[in-house]
Amino acid sequence: MKIASFNINGIKARIALLLEYLEKSAPDIALLQEIKSIDEGFPRAPIEDLGYNVETHGQKSFNGVAILSKFPLEDVVRGLPEPQGDDQARWIEATVARRNNTAVRICNLYLPNGNPAPGPKYDYKLDWMRRLGARARDLIDSEQVALMAGDYNVIPSPVDAHDPEDWTTDALFLPETRSAWRRIENLGFTDAFRTLNREPMNYTFWDYQRGAWQKNDGIRIDHFLLTPQCADLLKDCQIDRHMRGETKPSDHVPIWIELDA
DNA sequence: ATGGTAGAAGGTCTA
């Protein structure tokens with residue numbers, strides 16, 4: 001089973017690129033972030049025509065996540081637990097259950113950026129990470145084959161940035177952010193890309209500004225975290241770097257895993 | 001220190 005995650009930065013601006021990606025890369029499941037669309041405005045039809053089931057959790061103008069799946073999706077949940085006062089669409093999860101195959105619980109997230117830090121946006125990011133940690137602990141305790149993937153807006157370590165010194169005061173790299181990331185990872189999750197590839201210079205995001213792509217001035221902020229039962233099934237994890245060089249690219253590129261499931 | 005780019009909008013806000 002191939003599962004891709006892609007911060008698409010606006011589904012309407014990127015629908016042609018997405019359809020081309022789905023046809024060429026053929027993931028069984030695609031997790032999208034920053035669809036920037038309400039559910040009613042999401043272009044489901046051309047995606048369904050490629051054989052995908054579509055579940056969205058959108059909002060107007062900002063944020064928004066979606067799961068595309070060639071297999072049926074069950075028990076769809078929108079939003080993290082303890083949602084009081086959270087009107088930002090950043091979380092959707094569902095189960096992929098196939099006959100004679102292990103069920104996989106798939107969580108798709110768009111973690112808050114948090115800049116500028118300090119400030120209310122950074123406070124919201126840290127509180128969101130606390131709520132994510134609570135859901136993560138439940139997934140570990142359930143001993144399910146499960147994963148949490150998406151745009152974490154976290155640079156886990158200096159090797160995950162081309163110029164780490166440029167990010168020292170940024171919400172994506174502050175010590176408190178990285179500590180919160182480790183607290184979740186240390187519950188028992190495997191960082192799928194890093195466990196298979198120890199090489200530097202592997203990034204998933206390059207800013208549109210300052211010629212970041214041309215200088216390979218990137219950061220690795222899109223991640224797959226796997227429960228132990230899911231990590232047992234991990235066969236491969238790759239970053240589709242070439243997508244940043246396409247016409248009208250997103251500022252992120254897809255990252256995908258292959259599971260023996 | 002500033003501004004550089006991009007998307008959803010048709011205001012600025014977010015990143």
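**Close-up views of a predicted model**

**View 1. Helix α4 against helix α3.** The buried residues of α4 pack against α3 (120–142). This is a predicted model, and here we zoom in on α4, which spans residues 175–185. Its buried residues are Thr177, Ala180, Trp181 and Ile184. These four sit on the same side of α4, because they cover an arc of only 100° around the axis. Look at the other side of α4 and you'll find Pro175 and Ser179, both exposed.

**View 2. The open six-stranded sheet.** Follow the strands across and the order reads β5-β6-β7-β8-β12-β9, with mixed pairing. β5 (73–78) and β9 (190–191) stand at the edges with a single partner strand each, so one side of each has no neighbour in the sheet. As a reminder, strands of a sheet pair through backbone hydrogen bonds, either parallel or antiparallel. Inside this sheet, β8 (residues 146–151) and β12 (residues 222–226) run antiparallel and are joined by five bridges.

View 3. What does Phe224 touch, leaving aside residues up to four places away in sequence? The list is Ser5, Leu147, Ala149, Ala192, Phe193, Cys237, Ile255 and Ile257. As for the general pattern, nonpolar side chains tend to be buried together in soluble globular proteins.

**View 4. Tyr52 and its surroundings.** Tyr52 is found in the loop between α2 (44–48) and β3 (53–57). Is Tyr52 buried or exposed? Tyr52 counts as buried because it has 22 C-beta neighbours inside 10 Å, and the cut-off for that label is 20 or more. Not counting residues up to four places away in sequence, Tyr52 touches Ile47, Leu68, Ser69 and Lys70.

**View 5. The surface near DNA strand B.** Which of the 18 residues around DNA strand B come nearest? They are Gly10, Lys12, Ala13, Lys36 and Asn113. Helix α1 (residues 11–25) supplies the largest share of this surface, with three residues. Sorted by class, the surface near DNA strand B has seven polar, six charged and five nonpolar residues.

Notes:
Residues are numbered from 1 along each chain as its sequence is written. Chains are lettered from A and ligands numbered from 1 in the order in which they are written. This is a predicted model: local features need pLDDT of at least 70, side-chain atom pairs count only at pLDDT 80 or more; totals for chains, interfaces and linings use all residues. A residue is near a molecule or strand if its C-beta atom, placed from the backbone, lies within 6 Å of it. Helices (H or I, at least four residues) and strands (E, at least two) are DSSP runs, numbered from the N terminus. Ala, Val, Leu, Ile, Met, Phe, Trp, Tyr, Cys and Pro count as nonpolar, Asp, Glu, Lys and Arg as charged, and the others, Gly among them, as polar. A residue is buried if 20 or more other C-beta atoms lie within 10 Å of its own, exposed if 12 or fewer, and partly exposed in between; C-beta atoms are placed from the backbone. Two residues are in contact if their C-beta atoms, placed from the backbone, lie within 7 Å. The arc is that of the directions from the helix axis to the C-beta atoms. Two strands pair if DSSP finds at least two bridges between them.
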